[in-house]
2 protein chains.
Amino acid sequence: MDSIAYVNGSFVPLSQAKVSILDRGFLFADGIYEVSAVLEGKLVDNASHLARLERSLGEISLPLPESIARIIEIQKELIARNKLENGLVYIEVTRGADKGRDFAFPKGAQPTLVMFTSVKDIVNAESAKKGIGVITVPDIRWARRDIKSVALLAQVLAKQAAAEAGAGEAWMVEDGKVTEGGSSSAFILTQDDVIVTRQNGSDILPGCTRKAVVKLAEERQLRVEERPFSIDEALKAKEAFITSASSFVQAVVSIDGKAVANGRPGPLTNRLREIYIGFARETGT
Amino acid sequence: MDSIAYVNGSFVPLSQAKVSILDRGFLFADGIYEVSAVLEGKLVDNASHLARLERSLGEISLPLPESIARIIEIQKELIARNKLENGLVYIEVTRGADKGRDFAFPKGAQPTLVMFTSVKDIVNAESAKKGIGVITVPDIRWARRDIKSVALLAQVLAKQAAAEAGAGEAWMVEDGKVTEGGSSSAFILTQDDVIVTRQNGSDILPGCTRKAVVKLAEERQLRVEERPFSIDEALKAKEAFITSASSFVQAVVSIDGKAVANGRPGPLTNRLREIYIGFARETGT
């Protein structure tokens, strides 16, 4: 059941999709990535992801090797070739392979463009019905977390710690406040019915799903405050949840083993999840 | 003039040496590397590099896919096959390729082991005769710089900035003090003839060449102090230099365009360089 991937101009079986060991994605984490969800065969909020891709690339002076229009064509061709109904399309752009290994940007190398898909039924995920537990870990990442680079070792270690603890995500904490999850944005609903999530800046990734959920909430006259919050505040909250392209909106029902409210997904979280799924269905491309 | 590389059990031409796009080195920077110098066909201070490889791997719970004895055999086979007299042997170990992309450690994946060589005449490098300029940049890296991981994007950006400024290295500065260079350890010689370099800890990589140079200096009754120093202190110093596997000991003659002392390599730096080259020749394996 080999799917089809895209590597630098060619569609190839994923099992045979390879890059040079000199690729700067492999040697230096000198690359940027994006993940767009696919719902019922259509890309969810894809323009937002591709805009962030361009922004991240710009921040590290890495040119996009294909036009955005061509990238969308490739995304759609992968969805079609893999008959993908529900899942994810992954895009990675690296600074390519030079003749050797030198930290500074290579002069002659062509950027690498790699894309592949995976199957995931985000809407019917069991974890969304029950909610997930999160653990907390110190946020040990670099200072430019707004760049969606493949330098993800800190997140790997955080999410591995979560997996070992039987949790679904790790919330990273810095100076007593939650920054974000290992691969998601963090939200709480306060006892005053205010939705709180950290404001964008270099200390978090500007989440695409985060942005859409904030907008959808505000359109419904829900109160949203963008500011840092502490674990203590989260444990006293009415509800907690995460957002990401690969989970949409998902309830957080415990933090470090302590229940959030009654330990079950809250009504606002469930409502925002339904609203987001509606948005994804209506606006998919 | 294709050299021979090693990828997971096979010796292959470097131009054909590839890894899966699912390799966690490529997707997550979930890997560790080392670089050992080769001088006159022999590995320099190699045991120290392999000990650090094992330590870094241990810190991210990544098993070494081959014994250290076997890795040394492969290093030597690469040196022989490539008739390498002077240069570098690069080793990278990653957590391998899983069937898909998931942050947490894969259950079934075999770690990836990649090795290749490059030619470099370190002893006769022009930059060693003239010394190099360095620029200063903020140290924006993560909190575990003692782990020699391939999550090197911050160093890439630092060293690219140096290259654009016509400098040979970037010194990273945190809280007013130099941590280290983008790929080297930073030293000064004070007006009181004290060699100063930052003490090891999670804020710098424990340099193998740094360690050897400190030991060689102490054996010669030179005074060494391990503590942070500022750029201001460096500009008032008698001498400044860097150490690394790929440059041995190299004078720093300017910082952000301002000369260090008379702007030429100093006598102690030259002496330590000769001492290190002697050590490398005598102890090469």
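Strand S1 (residues 4-7) of chain A pairs with S7(A) in the antiparallel sense over two bridges. Pairing here requires that DSSP finds at least two bridges between the strands. Helices (H or I, at least four residues) and strands (E, at least two) are DSSP runs, numbered from the N terminus. The model is predicted: local features need pLDDT of at least 70, side-chain atom pairs count only at pLDDT 80 or more, and totals for chains, interfaces and linings use all residues. Residues are numbered from 1 along each chain as its sequence is written, chains are lettered from A and ligands numbered from 1 in the order in which they are written, and side-chain values use heavy atoms, with hydrogens and water left out.

In S7(A), A:Val114 is the bridge partner of A:Val7. Strand S6 (residues 87-94) of chain A also pairs with S7(A), antiparallel, over eight bridges. There, A:Val89 stands opposite A:Thr117 in S7(A). Six of the eight residues of strand S7 (residues 112-119) of chain A are buried, so the strand is largely enclosed by the rest of the structure. Buried means under 20% relative accessible area, exposed over 50%, and partly exposed in between (1.4 Å probe, protein chains only).

These strands belong to an open sheet of six in chain A, in the order S2-S1-S7-S6-S4-S5 with antiparallel pairing. Its edges are strand S2 (10-13) and strand S5 (42-43) of chain A, each of which pairs on one side only. S1(A) and S2(A) run antiparallel and are joined by four bridges. A:Ala5 faces A:Val12 in S2(A) as its opposite residue. Helix H3 (residues 68-81) of chain A lies across S1, S2, strand S4 (31-39), S5, S6 and S7 of chain A. The helix runs at about 35 degrees to S7(A). Axes are lines fitted to C-alpha atoms, for helices over the stretch in contact, and angles run from 0 to 180 degrees between N-to-C directions. Contact means heavy atoms within 4.5 Å.

Chain B has an open sheet of six strands in the order S2-S1-S7-S6-S4-S5, with antiparallel pairing. Its edge strands are strand S2 (10-13) and strand S5 (42-43) of chain B. Strand S4 (residues 31-39) of chain B runs antiparallel to S5(B), and two bridges join them. B:Val38 stands opposite B:Leu43 in S5(B). Helix H2 (residues 46-59) of chain B packs on the sheet, touching S4, S5 and strand S6 (87-94) of chain B. Its direction makes about 180 degrees with that of S4(B).

A rotation of 180 degrees, with 0.0 Å of shift along its axis, superposes chain B on chain A (RMSD 0.0 Å). The two copies are thus related as by a two-fold rotation axis. The same surface serves both copies, since 100% of the contact residues of chain B recur in chain A. Superposition is by least squares on the C-alpha atoms of residues with pLDDT of at least 70 in both copies.

The largest nonpolar core has 139 residues. Those with the most contacts inside it are A:Ile21, A:Tyr276, B:Ile21 and B:Tyr276. A second, separate core of 18 residues includes A:Ile132, A:Ile188, A:Phe229 and A:Ile255. A nonpolar core is a set of buried Ala, Val, Leu, Ile, Met, Phe, Trp, Tyr and Cys residues joined through side-chain atoms within 4.5 Å. Not counting residues up to four places away in sequence, B:Tyr276 touches residues including B:Val44, B:Thr209, B:Leu216 and B:Phe248.
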